[in-house]
Amino acid sequence: MMKTPVLDVTNLKKYFPLKGGKGVVRAVDDVSFQVHEGETFGIVGESGCGKSTLGRLILRLIEADHGEVMLDGTPVLSLSAKNLRRARKKMQMVFQDAMASLDARQKIGRIIAEPLKVHGIGTKNERLDTVRHLLQIVGLDPETMERYPHEFSGGQRQRICIARAIALNPMLVVADEPVSALDVSIQSQVLNLLVDLREKLSLSYVFISHDLAVVEHICNRIGVMYLGQIIETAHTEDLYAHPAHPYTQTLFSAIPRPDPHNRGKKRIILQGDLPSLSNVPSGCRFHTRCPYVMEICSKEVPPAFVKETPSGLHTTNCHKGFEV
């Protein structure tokens, strides 16, 4: 018998109305995927494709228009305010801008202890002990709990945000571009910390990023997002070795590879501009830029083609299936 997924997202939609009632922005449009225990599921795509909105919908930081989000079998979107507050112990978020997500007027000890206080966990002294332990886990000196956020470097501030996120021992952490604002050398340290915490605490991640090298390092499976939809999903090794969707192939062709044997590898250059989410193309949303476009692509939404690999299922939404 298979275990219940930690996260099960089904047909999730979020449309934002334009001013004057002149249409809507289809930020997230019928997205479905699952995340299993101890797994990191990556969401990649160009800026503006709906990745961050999807992360906030999962945690119900913004309300969805349609669909379902199941957290360990619990329907998140239909929870009352009281029950949602309880459920938040199981799901936390790490934001891209660490400084903006920390209260500049509070010391970090109080910031990290706040989730514990809100949920009534422990006495004041017990919470202080927990904060010291959390700081040690993320690689910071417990004595720094008396300092303010501006007294830390960018990488240290992101470690503080991670400590706050794991304070309640959650099942799921949504990490929205958590290392994009950091230097490359610091990025690797924070990524390795996230991997270590995943193993030690049995965490599951939804890892949102536009950096394909970062995603390859940390993610077990990846969903490729384009104009509000996930158009390809596969195990990381399968996706990087055999990208099926033309859009995925385009993204991966842009990755710089320090391999002398691949110097002659052709880069795929897309034609035309990225369409607006307020005016998405008919049929396949990628057909206006696709080098393999066919007549059917502009008329019909492509079905999902599924192939079983040794690593798991590989799914692509393209009329050519796996023949590209």
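**Surface and salt bridges**

Modeller: The accessible surface of the protein chain (Shrake-Rupley, 1.4 Å probe) is about 16,300 Å², with 49% belonging to carbon and sulfur atoms. This is a predicted model: local features need pLDDT of at least 70, side-chain atom pairs need 80 or more, and totals for chains, interfaces and linings use all residues. Residues are numbered from 1 along each chain as its sequence is written, and side-chain values use heavy atoms, without hydrogens or water.

Colleague: What is the radius of gyration of the protein chain?

Modeller: It is taken over C-alpha atoms, and the globule rule is 2.2 Å times the number of residues to the power 0.38. For 324 residues, a compact globule would be near 20 Å. The chain agrees with that, at 21 Å.

Colleague: Which residue forms a salt bridge with Glu 39?

Modeller: A salt bridge is a side-chain nitrogen of Lys or Arg within 4 Å of a carboxyl oxygen of Asp or Glu. Here the closest N and O atoms are 2.6 Å apart. The partner of Glu 39 is Arg 221.

Colleague: Is Asp 176 buried or exposed?

Modeller: Buried means under 20% relative accessible area, exposed over 50%, partly exposed in between (1.4 Å probe, protein chains only). Asp 176 pairs with Arg 56 in a salt bridge, 3.0 Å from N to O. Arg 56 is partly exposed at 26%. Asp 176 has 3%, so Asp 176 is buried.

Colleague: Which residues are linked in a network of salt bridges?

Modeller: Start with the bridge between Arg 285 and Asp 29, 2.3 Å from N to O. Both of these residues are buried. The network links Arg 26, Asp 29 and Arg 285.
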